[in-house]
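Trainee: I would like to learn how to read contacts and surface features from a coordinate file. Please take them one at a time.

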Amino acid sequence: MARFSDDMLSRAKELVSLYPDPRSATIPLCHLAQEQDGYVSDEAMAHIAELVGSSAAEVQGTASFYDMLKLEPVGRYVIGVCTNIACMLRGAYEVLEDAEKVLGIPVGGTTEDGLFTLEEVECIAHCDHAPAAQVNYRYFGPLDDESFRSLIARLRDGELDDEVPPHGTLIRVRREAPPAIPMTEIDRERAGDQE
Amino acid sequence: MPDELVSLTFDEHPFQAQKGTKLIDALDAAGIHVPRFCYHPRMSAVGMCRMCLVEVKGPRGVSLQPSCYIDVADGMEVFTESAAVKKAQHGVLEFLLANHPLDCPVCDKGGECPLQDQAFAHGSGETRFVEEKRHYAKPIPISRLIKLDRERCIQCDRCTRFADEIAGEPLIDFAGRGGALRIATFSNVDFDSYFSGNVAQICPVGALTTTPYRFKARPWDLVQSASTCMECDLGCQVSLQSSQNELTRMLGIDSDAINHSWLCDRGRFTTSAVNNLELRVARPRLRDQSRSAEVSWSKALRAAALSIKRTIDERGASAVAIVSGTSLSLETTYAWAKLASDVIRTNAVDGAADLRTDASLLLENPASINQALSASKLVLVNVDPKNELPVMHLRLRAAIRAGLSVIELNTTPTELTPIVDHAIALEPSRLGQAVDEVIAAIGDQVDDVVIVAGSRDRGFGAALNTRVLKDLLERLPGAKVLNGTPHGANAVAVGFTPNAPQVIRSSGGVTPSVSADAIVAGALRGDFGTLIVLDSELTRLGMSEADLEVLGERVTVIALSTFESATTHSAAIVLPLCAFGEEQGSTVNVEWRHLRLGRQVEPLGQARSGWMIAAELASMLGDELGFLTLADVMRDLNQSGGLLAGLGYEYFAESLDGPLFPLSRREEPCAPRILDPMATPGIASVDRQGANFAAGRVVEPTVATGFALDPGKSPQALVSAERGTGDVVRDPDPLAEDEFWLSLVPRLYDVSPSLSANPFLAAWVRDPVLKLSPLQGEQLGLMDGDRCRLIGAATVELGVELTKAFDLSVRSDSRVLVVDGLTPATLSLLENQSWIKVRVEKINGE
């Protein structure tokens, strides 16, 4: 969708400065781009390449390796229905089929209003609440026809806004890192320990 | 330390190998071929394909290990034929073939494919994979020259490694993961590299193919000969392949001395220009008033001889001028040099128009390419390897990665600037200071310094080039010099240019003393009666098309040309020249190495070799050069003394790369060629890379001609004559507030007849631009994409390009403006002067 906004750019530069080699910031910056747009756009990848000093093809190569970095636009809520063994035995495929019907999209699709993307995922370690699903990596379960419908309805109405932020959001409360302790102080402390 | 040997056993036979070598190389040296796909001897090992697994005995017993990824060690026991190794090879191949389409009958690689060959040699012969294979859209054009067929790809990482490691342009990379791993460019950024053709050459399957060769021929129908690329004077060794009397493709041969198997696209795809019959000159032509008519050779030659004779009779021999700016074969250059000095007896001769430096400085203590790349310090003076000697750029990058210390002295940053140790700016106001900085950067490592001296910046004339080089050599008496000018090595070697007239001179001959710039300027004034242009375009030498019309009224222009150009369209007499690949012969490269030229197809129409035309003209002028065959020319050269004393074709039988000249002073161990069909697929047979490569089509090595000087005998002293190299060096007048020095630099794809005739490369020609750093742009009020007017000796309109890379490498107080790209228009800014002051004006949008 777009390159980094001014605010995001300052955060990006901060991230780049954390590493001895700028290229190490590639994945953190992909997350940042996803936080901004909900997915990692081509423009963002080109911008990341500029910031870390590699080529856009290399950034794309890295980003395309990871499933949780989306290179195509996705909905505000990415719903992943688990169909692994525990969930499957408890009726995950019925939930998935129902989800397709409720949302009117096939697996992998995004609703026209841009709210929901439906995915089929492997075990998400929520087996105790099988059949389980995740919305933007927040767990919900056990699900059936009815509870799935109500989950969708509540997401649509904004009732779960506090619990489930839009796709790509990394953190909602930004914390400042404490000021770095100067090396001299660390050395002095260590010397003190030894005494 | 590097000579330390370790003892190990291969299949229970004892062997010794040098410490630090890779196991796979040691196995190759021992004559044991391990199958491989991803390993390439000129790139770092990655161990991607697992095809080279061998069993190695270690402290915990015998285990399978990739031989490309481990070094030899003392006491190592290696098994390459065991049942476990065979099983591993079957397994790896079965996996590689699981998704491979097996469309070999329609694949261009079929017949020369490492996957095909090794599946036959090492595969189990069966597949258990019955599922549907991967499908992708195909072919995907990843650039205008390269097409990608993802289904065939075996993910060996060769092309991506080449792009990243060798070319330094990682525009292709893997995308995805697991079974969906694929080669990808970034959304709309093509793999536009000067070196893109190499990825198709090293691809071990048919996944990457070049557009010009796609579906053109079957490998088993190709005939080939060893030859040398003539697009620049680096002398890249190539296998020139043809089918049914048409050049099909060129592949790089791994010559350790020169090109390490790489080629640039300009060289690799030059065959397409040769095949473009519409833009070739096929028959001699005479122009009568405005009409031009094809005539017979005898009529055309008679007309040419008549014009020369009339000019000599009426205005003296010096009124006949001969000029060239491209690389002609050594034999042609010598024949014309002899014709000029002994028959026509004119001094207005320059066969190295691009060379703007005193060439005797290049010859006094010459360095080879390998010596330059292993020097303690390498100084680049006014040379842009990437745009002038492209493969040298790759060699330099590799050498810098391996620790070569480079000092760059240039008016304008190059692509090497970010990775060299010191980049020092050349500016007219600080020449002395720049030389001081170079000396300071060299420090006390003065023992083994090599200078690469070029003539890159057209704004930097011969006098300035010579002065900088002379100053450097005075301060560094032991330094060797490598020629860095892309054209004119043959002319220098035989003394066919005023920049090096003393090299070969038969007694009583006339010495060239008028430079190409002076010839062009003089011709426009009507100083000459006849102007002979050898395979060059006058608009590349500083004439505009309007000038050409005026020229035609005053001077009889005789154009010998391979391709049609503005010059051939306006010339009075046009004589067709053989193209690359149509004539036998030899050439000399920048390190004065003698290299062979192969003939692979018949000359088009009535085209002839340049030396034949010179011999015919001589006899029409009532004299004889004595050249009936190529061997006659060679015999004459052999006896002529100077740089090329002792020259002969017999050396081609002794060493694959040919000897370095002068013979007596330069001996370099000739490294064996890497004869690896997996490294360079497409070179049909390993044997054919040897000396007798396609016997009968290249110049046959002959027995020594009896005239040969004893190679041990020192050649005739190379006299460095004091003579005008153009204008006088004087301190430049200071710049006014709004004035800048003009730096005019060439690009690889600057318009030229052979490029215009090439259907695959013509689209790469771009308009010249004013290149600025963002800071300069701010100071001048110019933005990216703006248009501006540059006022120098002429006024030219140019686009503006802001280059971020310049911010780091251009000094903030720089008073140099860079115009990127040579065209008749940008050359008119200079009008053959050096250090032109220019002013810029922004052109406001409509």
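Mentor: We go through salt bridges, rings, a surface patch and one annotation.
Mentor: This is a predicted model, in which local features need pLDDT of at least 70, side-chain atom pairs count only at pLDDT 80 or more, and totals for chains, interfaces and linings use all residues. Residues are numbered from 1 along each chain as its sequence is written, chains are lettered from A and ligands numbered from 1 in the order in which they are written, and side-chain values use heavy atoms, with hydrogens and water left out.

Trainee: How many salt bridges are there over all chains?

Mentor: A salt bridge is a side-chain nitrogen of Lys or Arg within 4 Å of a carboxyl oxygen of Asp or Glu. The search of the whole structure gives 44. One of them joins A:Asp67 and B:Arg177, at 3.0 Å from N to O. That pair crosses between chains: A:Asp67 is in the loop between helix 4 (56–63) and strand 1 (77–82) of chain A, and B:Arg177 is in the loop between strand 8 (172–175) and strand 9 (182–185) of chain B. Helices (H or I, at least four residues) and strands (E, at least two) are DSSP runs, numbered from the N terminus.

Trainee: Is A:Asp67 buried or exposed?

Mentor: Buried means under 20% relative accessible area, exposed over 50%, and partly exposed in between (1.4 Å probe, protein chains only). A:Asp67 has 58% and is therefore exposed, while B:Arg177, with 37%, is partly exposed.

Trainee: Which residue forms a salt bridge with B:Glu94?

Mentor: B:Arg128 does, with the closest N and O atoms 2.8 Å apart. B:Glu94 lies in helix 2 (residues 83–98) of chain B and B:Arg128 in the loop between helix 3 (114–122) and strand 6 (140–141), so the bridge ties together parts 34 residues apart in sequence. B:Glu94 counts as buried at 18%, whereas B:Arg128 is exposed at 67%.

Trainee: What does B:Arg177 lie over?

Mentor: A charge sits over a ring if NZ of Lys or CZ of Arg is within 6 Å of the ring centre and within 35 degrees of the ring normal. B:Arg177 lies over the face of A:Phe65, at 5.3 Å from the ring centre. Within chain B, B:Arg249 lies over the face of B:Tyr213 at 4.4 Å.

Trainee: How many aromatic pairs are there over all chains?

Mentor: Rings of Phe, Tyr and Trp (its six-membered ring) pair if their centres lie within 6.5 Å; planes under 30 degrees apart count as stacked, over 60 as edge-to-face and the rest as tilted. The count is eight. Among them is the tilted pair of B:Phe162 and B:Trp262, 4.9 Å centre to centre with 55 degrees between the planes. B:Phe162 is buried at 0%, and B:Trp262 is buried at 3%.

Trainee: Which residues make the nonpolar surface patch?

Mentor: Patches are made of residues with over 30% relative accessible area and no salt bridge: like charges are joined within 9 Å, nonpolar side chains (Val, Leu, Ile, Met, Phe, Trp, Tyr) within 5 Å. Areas come from the Shrake-Rupley method with a 1.4 Å probe; for residues, only the protein chains shown count as cover. A:Ile85, A:Met88, A:Leu89 and A:Tyr93 make a patch of about 410 Å². Its largest share, three residues, comes from helix 5 (residues 85–89) of chain A. A:Leu89, in that helix, is exposed at 65%.
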